[in-house]
Amino acid sequence: MNIIFISAEVAPFSKAGGLADVSGALPQQLSSTGHNISVVSPLYSKINREMDSIRTTGIGALIQMGNEDVPFELYNFDHNQSDGPHQYFIHNDDLFGREGIYTLPNGEGFADNNFRYFFFQKAIIKLIEIEFFKPDLVHCNDHHTAMLPFFIINRKMEIATILTVHNFQYQGYFSQDEGKYLDELDAQRLVDIPSENRSSMYLGCTHAHQVNTVSPTYAVELLNIKELSYELHSTLNNISHKFSGILNGADYSYWSPENDTFIKHQYIASNLFGKSKNKVDLQIYCGFKNYSDKPLIGSISRLVENKGFYLILDIIPDLVEMGVQCVFLGSGMDDISQSLKDFANQYPDNIFYEGRFNEELAHNIEAGADMFLMPSRFEPCGLNQIYSLKYGTIPLVYKTGGLADTVQQWDGKNGNGFLFDQYTSSELLNMIQQAVKIWDDKKQWSSIISNAMEADFSWNQSAKQYIGLYETALEN
């Protein structure tokens, strides 16, 4: 199949979250199965064009956006195109040459984000119309690219479409005024759509040939829990015949303690000496005393309510009293960030917080921590708990979405982590206390680590399921 895989962010070129990891790894796996994959994303200013060998193709066009014509130029990643997917970029410095991908430094979204991503999608339609791309199937991801199935059907293009939704919290609403950025053909079709459904996600879900999300349990939750699917709850139930969940995978060439270049001491399941040395290195980085007889808990996350941080903040004094050390890495809501800073200042031997993106520290947390804390109220899939399993860093999670699909409760013999199913700070604390008690039993803890590191969530199985979804979309 000739497939265009379209995403607003693609690792290692651009990254704001887990979408980038998926968009970097899944096409690579699909390409290895013999399909012709072209990955397209915006050319952001953060991308080092010289270092990354990104060159212009000399192809470009003007895109009508309301009353103005806006230019784009197509770039590509200049490497051996027989090895892996083809990487392409839509270039317009006025729209994508900014410090952030979606937001200003203070976290506020760019006011013209709808304009930017309408333009991005219309540029891809133009490249299909001039037959630079000749796809059998277009694979869209999240609301930034969810208008494409709508565009493709309106133009009666014989192209199958897939929409993968990584998080239903973000639906891409746009105003009637912003609708003028669409072509006249698309704007006419919008007249028949109720104003409350004027979102990119609604149009993608109703027009794509197949829709999926990123874990089986999250898919079931979306159909049954109205709060999780927001305004799309009835829509999802109406399209349940073409809606499914496929668990995300992990790129073990990048996230594995055997070959991780970010950590000083690589290790394998049969020899964890390197992990213990990484723990000491992490404690030194954080300014902790080397308490080898107490567990170290890591957290890598956006600092938002649904990631469970208000529960965590409630119990930090209890964790300190237990002697537990905690390392937090992430940015987000100002009140959460400030509270973590305050706790770090109050308990410098137990709490460490870094509020900037730091890929090296993220890998060292995975390799050096004993446990990984991820009590998300909802979690479409989650990747860090999957990475943590491979590093023998035992996940502590809420039983929801992809967390429930990847972490199994330790029962004394089987299991690879710890879960709680009542979303309260007291239940979170009870789970951590249980995990710390087991941590003291080195024989049991060794068994949990062994189970965790044996778990295989590589992209191989997930890619096979996506190929099946592609075939179904083509049939439809």
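Analyst: Start with contact, which means heavy atoms within 4.5 Å. By that rule, Lys275, Asn278, Lys279, Leu282 and Tyr285 in helix 10 meet Leu361, Asn364, Ile365, Glu366, Ala367 and Gly368 in helix 13. Sorted by class, this contact has five nonpolar, three polar and three charged residues. Ala, Val, Leu, Ile, Met, Phe, Trp, Tyr, Cys and Pro count as nonpolar; Asp, Glu, Lys and Arg count as charged; the others, Gly among them, count as polar. This is a predicted model, where local features need pLDDT of at least 70 and side-chain atom pairs count only at pLDDT 80 or more, while totals for chains, interfaces and linings use all residues. Residues are numbered from 1 along each chain as its sequence is written, and side-chain values use heavy atoms, with hydrogens and water left out.

User: What makes a stretch a helix or a strand here?

Analyst: Both are DSSP runs, numbered from the N terminus: helices are H or I with at least four residues, strands are E with at least two. Helix 10 covers residues 273–286 and helix 13 covers residues 359–368.

User: Why is helix 10 called oblique to helix 13?

Analyst: Look at the angle. The two helices pack at about 130 degrees, with their axes 8 Å apart. Axes are lines fitted to C-alpha atoms, for helices over the stretch in contact, and angles run from 0 to 180 degrees between N-to-C directions. Under 35 degrees counts as roughly parallel, over 145 as roughly antiparallel, 65 to 115 as roughly perpendicular, and the rest as oblique. That makes helix 10 oblique to helix 13.

User: Which term describes helix 11 and helix 12?

Analyst: Helix 11 (residues 309–322) and helix 12 (residues 334–346) pack at about 20 degrees, with their axes 11 Å apart. That makes helix 11 roughly parallel to helix 12. The crossing is left-handed. A crossing gets that name if the near helix is turned anticlockwise from the far one by less than a right angle; clockwise gives right-handed. Phe309, Tyr310, Leu313, Ile316 and Pro317 in helix 11 meet Asp335, Ile336, Ser339, Leu340 and Phe343 in helix 12. The contact residues divide into eight nonpolar, one polar and one charged.

User: What makes two strands a pair?

Analyst: DSSP must find at least two bridges between them. Strand 10 (residues 296–300) and strand 13 (residues 371–374) pair in the parallel sense over two bridges. In that pair, Ile297 stands opposite Met371. Ten bridges join strand 3 (residues 54–65) to strand 4 (residues 68–77), which run antiparallel. Here Ile63 has Val70 as its bridge partner. Strand 4 and strand 5 (residues 86–91) pair in the antiparallel sense over four bridges.

User: Why are strand 12 and strand 15 said to stand at the edges?

Analyst: Follow the order. Six strands form an open sheet, 12-11-10-13-14-15, with parallel pairing. Strand 12 (351–354) and strand 15 (418–420) each have a single partner strand, so one side of each is left without a neighbour in the sheet. From one strand to the next, the twist averages 20 degrees.

User: What makes the aromatic pair of Tyr102 and Tyr117 tilted?

Analyst: Rings of Phe, Tyr and Trp (its six-membered ring) pair if their centres lie within 6.5 Å; planes under 30 degrees apart are stacked, over 60 edge-to-face, and the rest tilted. By this rule the count comes to 27 aromatic pairs. Tyr102 and Tyr117 lie 6.1 Å centre to centre with 50 degrees between the planes, and the pair is tilted. The pair links distant parts of the chain, 15 residues apart.
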